[in-house]
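Okay, thanks for making time, everyone.

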Amino acid sequence: MSNSKNPRAYSDGPHRREESVDSVSGKPDPPSDRISTDSFDKWYKERQYRQNILEGTHYFNGPGKITPPRRLSPSKLLQCHRKTVYKQRNAPEESGDPTGIYWFGTEFEEQIIVPFLQEAVVGQREYVANSLWVDYTVETDAGELRIKGATDPVIVTADAEPVLLTEIKTRRSIENTNAPSRRHKAQTHAYLKGLSEKYDRSISEAVILYGSRTTFDIKPFRIEFDPYFWRETVLNWAQNHAEYRLNDELPPAEPESSWECDYCSYSERCGKGQRQFDDIGPKGLLPGFTGYPREKLVEYLEAHDQAKLTPSLAHSHPDLADEYGALDWKCRGCGNSVAWDAIEWDGDTSKPPQCPECVNKGSTVLVDPAPEEQLGDEKDGW
Ligand code: SF4
Ligand SMILES: [Zn+2]
């Protein structure tokens with residue numbers, strides 16, 4: 001299981017449909033007018049908020065917290081270090097979540113795989129637990145690291161002792177899936193290790209099961225805990241990762257597989273996108289970049305006390321600027337600050353506005369403040 005089952009949600013309070021009336025006739029609007037992108041968005045967010053409370057995962061509601069440098073989630077192991085640092089430090093994401101894929105993953109697991117295990121797999125006096133928490137520490141050269149997360153379904157005895165761990169993944173197609181990925185193996189190893197500690201006996205077997213989102217075919221792979229892989233690959237990664245975090249160092253842009261960049265929400269910041277940015281740290285919004293999805297901007301603004309919009313973004317989202325504030329423009333020539341709304345601008349980022357002070361001294365444009373100047377003296381959280 002990953003956090004993606006419980007997307008971070010915000011609530012403006014319980015969503016009740018407001019009775020809107022036609023200003024001419026005074027009659028309530030017809031239902032067809034009430035089906036809108038906006039009404040759906042509001043309803044969906046509120047539903048997610050309620051759902052998180054219902055499932056006891058209320059900590060997914062509201063702003064994200066910076067992950068402590070010695071804390072690791074099994075689902076993040078072996079991912080691109082740089083991407084993981086951006087995520088752990090709440091850098092603003094440049095693309096939205098593939099919510100449909102997450103939703104499918106959860107439904108596939110709960111509606112198909114759990115019944116399959118219950119009805120066609122478990123033996124006498126065996127049961128299925130939807131997920132089990134693990135929370136343990138490992139010793140590395142970077143000190144003690146804490147690994148915490150929740151498994152996918154586990155076959156257990158009548159006394160709730162684990163018998164077989166599963167890790168369920170869905171893919172669009174599984175035709176070319178002939179072995180489990182290293183990342184999924186690493187994640188499963190972290191759960192096996194955690195379960196072994198929790199139940200004080202060796203639990204060394206798991207099945208990584210891939211399901212196709214298009215055909216519902218499955219491919220299961222049985223794996224055994226491999227101490228060498230755990231130590232040399234997984235713990236090594238964990239140690240390196242903690243060192244980047246503890247030294248406040250931006251890790252290199254070197255994922256294990258280059259396809260990771262194709263699905264990365266930080267590719268502009270990192271330097272693998274379409275823009276001119278390169279190796280930007282985890283703090284602040286990218287200057288002149290207005291492609292952030294609105295919900296990701298809200299997440300970012302909620303997650304950092306001192307965060308404000310850049311002037312470019314304030315022009316795209318004036319209502320968010322009212323709520324969270326916006327930084328001033330900076331003049332490249334005279335260095336003056338100009339309030340974001342003090343000048344007219346059409347929002348075309350390829351033609352930034354002119355500085356009113358310097359307009360007669362040749363073209364000097366106003367720009368968004370640099371990312372590292374945006375969060376004031378915000379502490380890094382470690
Ligand atoms: S774009 Fe690629 S290298 Fe850069 S953070 Fe994302 S996954 Fe890592
Ligand atoms: Zn100027």
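**Around the ligand, and outward from there**

Let's start at ligand 1, where the shell residues divide into seven nonpolar, one polar and four charged. Keep in mind throughout that this is a predicted model. If you want to click through the shell, select Cys 80, Arg 82, Lys 83, Ala 253, Pro 255, Glu 260, Cys 261, Cys 264, Tyr 266, Ser 267, Cys 270 and Lys 272. Which helices supply at least two residues each to that shell? Those are α3, residues 81-88, α7, residues 259-262, and α8, residues 267-270.

Stay on α3 for a moment. By name, they are His 81, Arg 82, Lys 83, Thr 84, Val 85, Tyr 86, Lys 87 and Gln 88. And what do they pack against? The buried residues of α3 pack against α6, α7 and α8. Just after that helix, look at Asn 90, with a positive phi of about 55 degrees.

Now zoom out. The chain has 382 residues, and 31% of them count as buried. It holds 11 helices and 11 strands, and its C-alpha atoms fill a box of roughly 85 × 65 × 35 Å along the principal axes. On contacts: take the ones between residues at least 6 apart in sequence, and 65% of those join residues at least 24 apart.

The domain assignment gives domain 1 as 3-60, domain 2 as 65-280 and domain 3 as 283-382. The centres of domain 1 and domain 2, taken over C-alpha atoms, are separated by 31 Å.

As a general point, nonpolar side chains in soluble globular proteins tend to be buried together. Here the largest nonpolar core has 30 residues, and Leu 77, Leu 165, Leu 195, Val 234 and Ala 238 have the most contacts inside it. Two or more residues come from each of α4 (99-121), β4 (143-150), β6 (162-171), α5 (182-199), β7 (205-212) and α6 (227-246). Apart from that core lies another, of 19 residues, including Ile 280, Tyr 300, Leu 313 and Cys 355.

Pick Leu 195 out of the largest core. Which residues is it in contact with, leaving aside neighbours within four places in sequence? Leu 195 touches Leu 132, Val 134, Pro 162, Leu 165 and Ile 203 by that count.

On to the sheets. There's an open one with three strands, ordered β1-β4-β3, with mixed pairing. Why does one side of β1 and one side of β3 lack a neighbour in the sheet? Because β1 (71-72) and β3 (133-140) stand at the edges, and each has a single partner strand. β1 and β4 pair in the parallel sense, over two bridges, and if you want a spot to look at, Leu 72 stands opposite Ile 147 in β4.

Another open sheet of three strands goes β10-β9-β11, and here the pairing is antiparallel. Its edge strands are β10 (337-338) and β11, each pairing on one side only. Two bridges join β9, residues 329-331, to β11, and Lys 330 has Val 367 as its bridge partner in β11.

Is Pro 371 buried or exposed? It has 20 other C-beta atoms within 10 Å, and the cut-off for buried is 20 or more, so Pro 371 counts as buried. Leaving aside neighbours within four places in sequence, Pro 371 is in contact with Ile 280, Gly 281, Lys 283, Gly 284, Leu 285 and Leu 286. Compare that with Thr 166: Pro 371 and Thr 166 are 205 residues apart in sequence and 42 Å apart in space, C-alpha to C-alpha.

Arg 125 isn't a glycine, but its phi is positive, near 60 degrees. Arg 125 lies in the loop between α4 and β2 (126-129), and with 8 C-beta neighbours inside 10 Å it counts as exposed. Then there's Ala 160, also not a glycine, with a positive phi of about 65 degrees. Ala 160 sits in the loop between β5 (154-157) and β6. With 11 other C-beta atoms within 10 Å, Ala 160 is exposed.

That's my tour, so over to you for questions.

How values were computed:
Residues numbered from 1 in each chain as written. Chains lettered and ligands numbered in written order. Predicted model: local features only at pLDDT ≥ 70, side-chain atom pairs only at ≥ 80, totals over all residues. Helix = DSSP H or I, 4+ residues; strand = E, 2+ residues; numbered from the N terminus. Buried ≥ 20, exposed ≤ 12 C-beta atoms within 10 Å, placed from the backbone. Contact = placed C-beta atoms within 7 Å. Near = placed C-beta within 6 Å. Nonpolar A, V, L, I, M, F, W, Y, C, P; charged D, E, K, R; others polar. Core = buried A, V, L, I, M, F, W, Y, C linked by C-beta atoms within 7 Å. Domains from an automatic or database assignment. Pairing = 2+ DSSP bridges.
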